[in-house]
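Good morning, and thank you for coming. Please look at the structure on the screen while I take you through its features.

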Amino acid sequence: MLRGISMTNEQMFVNASALSVSEKFTHIFKSVMNERRYKIDDLVRLTGLSKRTVYRALDPEDTTTTFKTITKLCVALDITLTLSFFKKQNDEKYTFTWCA
């Protein structure tokens, strides 16, 4: 759930099923940044992360971004992060919602 964003879910998650997890995060973060006219330096200031860490977190090819970094970006961008997990055997769904 994104608060204060005028995009619909359909606009935000176009072809989301074809994206990797890091590509989905990157897409969401960059969409929110564009909507609010935030630059990398704004995220550095708001999160306390280094510029290099923010750049890596926004790189869809990067696989080293930690949950702590994603959490800081979510807090800075006022994003509620919801993760869903499925059991393979019966597709039972577990949802974890983290709110800043």
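This is a predicted model: local features need pLDDT of at least 70, side-chain atom pairs count only at pLDDT 80 or more; totals for chains, interfaces and linings use all residues.

Lysine 51 is partly exposed, with a relative accessible area of 40%; here buried means under 20% relative accessible area, exposed over 50%, and partly exposed in between, using a 1.4 Å probe and protein chains only. Residues are numbered from 1 along each chain as its sequence is written, and side-chain values use heavy atoms, leaving out hydrogens and water.

What does the side chain of lysine 51 meet in a salt bridge? The partner is aspartate 41, at 2.9 Å from N to O; a salt bridge requires a side-chain nitrogen of Lys or Arg within 4 Å of a carboxyl oxygen of Asp or Glu. Because lysine 51 lies in helix H4 and aspartate 41 in helix H3, the pair ties together parts that are 10 residues apart in sequence. Helices are DSSP runs of H or I with at least four residues, strands are runs of E with at least two, and both are numbered from the N terminus. Aspartate 41 is also partly exposed, at 45%.

The count of salt bridges comes to 2. In the other entry, arginine 45 joins aspartate 42, with the closest N and O atoms 3.6 Å apart. Both residues lie in helix H3, 3 residues apart, about one turn of the helix. Arginine 45 counts as exposed, at 60% relative accessibility.

Let us turn to the buried side of H3. Its buried residues are Ile40, Leu43 and Thr47. Seen down the axis of H3, they fall within an arc of 60°, taken from the directions from the helix axis to the C-beta atoms, so they line one face of the helix.

Leu43 leads us to the largest nonpolar core, which has 18 residues. Such a core is a set of buried Ala, Val, Leu, Ile, Met, Phe, Trp, Tyr and Cys residues joined through side-chain atoms within 4.5 Å. Among the residues with the most contacts inside this core are Leu43 and Phe29. Helices H2, H3, H4 and H5 each supply at least two of its residues. Phenylalanine 29 is buried, with a relative accessible area of 2%.

Finally, the overall layout: the chain has 5 helices and 2 strands, running α-α-α-α-α-β-β from the N terminus. Buried residues make up 29% of its 100 residues.
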